[in-house]
Amino acid sequence: MPSQLSAYVSDTAPGRGALRTARSWLHSDAPRRSLNGLWRFRLSPTASVAEDFAAEDFDDSGWDGIPVPSHWVLQGDGAYGRPIYTNVQFPFPIDPPHVPDENPTGDYRRHFDVPADWSDAERVVLRFDGVESLFTLWVNGDEIGGAAGSRLAHEFDVTSSLRPGDNVVAVRVHQWSAASYVEDQDQWWLPGIFRDVTLTARPAGGIEDVWLRTGFDGGRGRIETEITAEAAAFPVTLRLPELGIEQVWATAADVAPLDVDGVEPWSAERPRLYDVTVSTAAESIALRAGFRTVEIRGDRFLVNGRRVVFHGMNRHETHPERGRVFDEEHAREDLARMKRFNVNAIRTSHYPPHPRLLDLADELGFWVILECDLETHGFDKLGWAGNPSDDPAWREAYLDRIQRTIERDKNHPSIVIWSLGNEAGTGGNLAAMSAWVHARDTGRPVHYEGDHAGEYTDVYSRMYSSVLETEQIGTDGSRARLLNCTPAQGARQRTKPFLLCEYAHAMGNGPGALDQYEALVHEHPRLHGGFVWEWRDHGILTTTPDGTPFYAYGGDFGEVVHDGNFVMDGMLLSDDVPTPSLHEYKAVVAPVRFAFDGDEVAITNLRHSADTSDLRFHWRVEHDGTLVDSGDLQVPVVAAGESARVPLPRIPVSPDSETWLTIDAVLAAATAWAPDGHVIATAQLDRSAPRPVPAVRRETGWRQSDGTLTLGIAEFVDGSLVRLAGRAVAGPQLELFRAPTDNDEGASEEVEESDAGIAGVSNAELWRRDGLDRLTTRRLSVERTAGALRTIAKVSAANSALSVIVESVWSVQGDELELRVEIEPSRGWLTVWPRIGIRFDLPDGAAPVDGAEWFGLGPLESYPDSLRAARTGRFSSAIGDLSVDYARPQETGHRSRLRQLTLTSAGTTVLRIATLPDTRGRRPGFTLSRHTPQQIARAGHPFQLPDSTTSHLIVDAAQHGLGSRACGPDVWPEFALRPEARTIRLRIAAG
Ligand code: GAL
């Protein structure tokens with residue numbers, strides 16, 4: 001390895017030759033040229049290839065072309081290596097600051113023209129907005145410098161190396177460097193020049209940087225302007241045409257704060273922006289100012305004097321084909337989708353996003369926690385020994401990172417908190433970063449979750465604290481010990497505003513308990529909400545050898561060290577499809593709440609500051625899910641934090657079906673993120689008249705039988721159901737297993753409060769140990785009467801003495817068939833169960849069951865601790881759409897509280913099934929799927945599910961909750977399914 005490069009790789013200091021003063025990403029009218037586009041590219045397996053490629057006359061005609069921006073591992077169909085996914089682990093030996101000789105190194109070259117009229121420029125600056133991880137730059141053979149800090153901007157003065165007309169730029173990028181030790185975020189390692197490269201002409205008399213610090217207080221706005229420019233650049237003019245402001249400052253000393261009357265404040269809800277220009281004779285900068293004041297008062301986090309509740313998402317930059325390469329259209333749609341799902345905040349985990357994203361956040365309206373590009377999580381394994389965060393040798397690199405972060409993005413009103421990074425332990429370098437931020441920006445607090453004891457940060461932040469502990473943090477009287485805090489440190493933390501920088505780990509099916517966290521926020525004002533982990537799955541679109549497309553996760557590219565599907569933990573699937581958990585989230589955090597009270601409904605506006613003048617309220621009445629009446633609800637405008645009571649409409653109540661009233665709050669007019677009529681919040685009220693449940697008819701006169709008989713539409717052979725309404729059916733068979741969710745597979749220690757499992761052992765492991773996935777049956781008896789059949793079976797697993805007795809009674813009731821199944825576990829079951837259900841297998845005949853219509857909860861799947869998005873209604877779906885394509889197949893598709901189910905084939909009714917409530921009024925749920933839980937559990941990816949010619953209907957008396965134990969607490973006790981006796985009663989009729 002050339003000595004200079006080797007010194008550089010092992011050097012922890014920031015860039016050589018890079019302009020030391022970071023500055024804002026500004027919209028300037030100074031001339032610029034994008035150097036994005038096709039570059040020449042060569043990949044070498046090590047960093048020791050000769051640097052001769054940097055020479056002007058180097059012949060690169062044999063090289064490939066590569067687009068910039070891109071990641072080389074996502075180009076060339078594997079010709080340039082493959083992505084690597086690790087969470088905490090370093091994919092190279094932990095030998096800081098060194099990296100292995102096997103260090104993929106990408107050499108890039110391109111020609112570009114410098115326009116003739118740029119000769120007037122004082123300087124020409126070459127800017128890189130993102131290069132992973134370390135790069136060196138040459139222009140026309142001159143080595144200009146190099147830099148590390150992958151998600152940070154680096155600018156180089158290239159003036160003296162340029163000439164008019166044709167020029168050559170060469171860049172060498174190493175995948176691994178000292179910087180990789182501080183960029184150990186939980187994501188794919190994706191090397192390359194992945195953000196824009198721009199050449200800018202800096203005019204003499206231009207504006208190097210500008211910062212509009214805006215404030216809002218009692219109807220007045222304030223702008224404090226910081227201008228970085230040569231004295232000769234003055235006068236500088238600030239124009240805000242909408243408010244008639246034109247302020248000229250003759251010299252730097254004249255620059256003074258401006259108080260502006262009649263401004264509307266900026267908030268995430270009403271993101272009011274004002275166009276501003278700041279100009280000299282030579283350059284004009286366009287900014288969009290939003291007036292807001294961020295403040296911590298006691299344990300409250302306030303914007304414009306009002307408490308903020310974060311309904312936030314952790315947002316990574318990830319795309320199945322582009323990786324971290326920014327695409328504005330996609331990003332805008334992604335943010336608009338967040339708004340449609342009632343998300344009001346973003347944490348830019350765990351690095352600054354493409355700078356343009358923050359323009360979009362300003363414009364669409366989000367509270368943003370902007371995080372620095374820093375994580376050293378892999379040192380955890382060493383008990384944090386050697387952690388760069390506490391090693392003075394790294395101090396300069398840490399300060400460089402935070403300075404580049406804050407300077408680049410300081411103008412955005414959406415950014416309300418700076419975050420030093422993520423999971424980098426603790427230490428003096430973090431404290432130094434914090435001190436630097438405090439000195440530089442007095443207008444925004446500092447966040448860093450790893451400062452557990454609260455030594456240098458302004459807000460108390462945690463990740464994945466349980467509901468119970470979160471409540472203890474919010475409760476003044478609680479002396480409960482806080483994680484990693486002495487009692488005194490805990491007391492200090494309780495004096496600060498609290499937020500969950502991560503919670504509700506959204507891996508696979510789940511999380512549950514979103515509503516419990518949300519409830520706490522409204523009980524304890526110190527709790528300011530949080531940020532779900534995370535917004536989207538990071539799947540990378542690839543294909544199997546036979547060409548089947550799929551979304552890859554860790555291990556799919558043959559990585560030596562990887563963390564499997566832990567990178568698939570978003571509320572959005574890789575292909576942008578919102579999961580049911582996102583719908584649940586939307587319902588749980590809805591900013592408008594309804595409380596029914598007699599003949600009135602109280603409507604509460606939980607927004608930060610916006611009233612409800614942008615909303616309309618609509619009601620409808622359904623009888624057994626069929627619309628019978630609807631209208632508009634007249635609701636006065638409700639101010640933020642206020643409630644209004646409104647009389648309910650008089651509605652027709654049906655004597656023989658369920659009567660439900662539904663109220664929707666919808667947008668009265670289209671916004672930048674949703675059309676007119678978009679639903680913000682929904683509530684339902686059960687107005688059903690009481691109806692008797694048909695009593696169980698106790699048959700008498702049972703006698704032993706061979707079990708071959710016909711009862712109404714059911715045909716039995718040897719006591720087993722073989723046909724229903726003339727179609728082949730097998731079952732019902734006891735089903736206690738579900739294909740474990742990622743949360744079921746979670747083995748966190750956090751089980752004590754839920755009493756559902758064993759610390760360090762996943763529920764899924766216990767289920768497999770008990771053989772729930774491989775139950776066998778022994779028939780104990782078959783008996784019949786004239787109009788009924790009864791079988792009793794004992795169900796248990798190999799090498800287990802635990803069992804379940806299942807009694808099934810078939811009888812004809814009028815023209816319907818009734819099935820009553822009594823399920824009784826033996827003594828001695830110690831674990832929770834995934835489900836208590838019965839399964840029918842419906843092989844494809846001439847008319848395969850391929851869809852369902854139902855009256856019950858829908859339209860999406862629901863589980864005991866995730867029921868808020870589900871509403872009572874009538875729904876229909878093709879069988880394939882009943883399941884969610886989680887990246888790793890797992891339990892999916894359960895619809896709760898079923899009343900009526902129609903199985904269909906090409907739209908024609910095949911079977912009609914009605915449920916009867918048990919003696920406690922509980923109704924079963926159902927799942928209709930092409931695959932059994934056992935088949936699903938065996939597949940690592942959707943393409944590994946076998947082709948199926950059978951439909952499987954599972955009717956569940958109960959399902960276990962979801963929890964979020966993939967990274968966080970287990971299922972809350974109330975929603976944990978303990979083995980228990982259950983009854984399922986169904987009425988079955990032909991189509
Ligand atoms: C957190 C971490 C995130 C992510 C998450 C689990 O500890 O900050 O980056 O790894 O756990 O998915």
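Before the details, a word on conventions: residues are numbered from 1 along each chain as its sequence is written, and side-chain values use heavy atoms, with hydrogens and water left out. Because the model is predicted, local features need pLDDT of at least 70 and side-chain atom pairs count only at pLDDT 80 or more, whereas totals for chains, interfaces and linings use all residues.

Let me start with the ligand. As for individual distances, a polar side-chain atom of D186 lies 2.4 Å from an oxygen atom of the ligand, while for an N or O atom in the side chain of H350 the distance to a ligand oxygen is 2.6 Å, and for one in the side chain of D569 it is 2.9 Å. Taken alone, the ligand exposes 310 Å², and the protein buries 96% of that, by the Shrake-Rupley method with a 1.4 Å probe.

H350 sits in the loop between β27 (345-347) and α3 (355-364); helices here are DSSP runs of H or I with at least four residues, and strands are runs of E with at least two, numbered from the N terminus. The peptide bond from V68 to P69 is cis as well, with omega near 5 degrees, and P69 lies in the loop between β4 (64-68) and β5 (84-86).

Next, positive phi. N304, in the loop between β24 (300-303) and β25 (306-307), has phi near 50 degrees although the residue is not a glycine. A513, in the loop between β32 (498-503) and α8 (514-523), has a positive phi of about 70 degrees. Most residues other than glycine have a negative phi, and most peptide bonds are trans. N304 is buried (under 20% relative accessible area, with exposed over 50% and partly exposed in between, 1.4 Å probe, protein chains only), at 18%, and A513 counts as buried at 11%.

Finally, helix α4 is mostly covered, with 12 of its 15 residues buried, among them Y398, R401 and E407.

Terms used
Polar contact = N/O pair within 3.5 Å; in protein donor to acceptor, adjacent residues only side chain to side chain.
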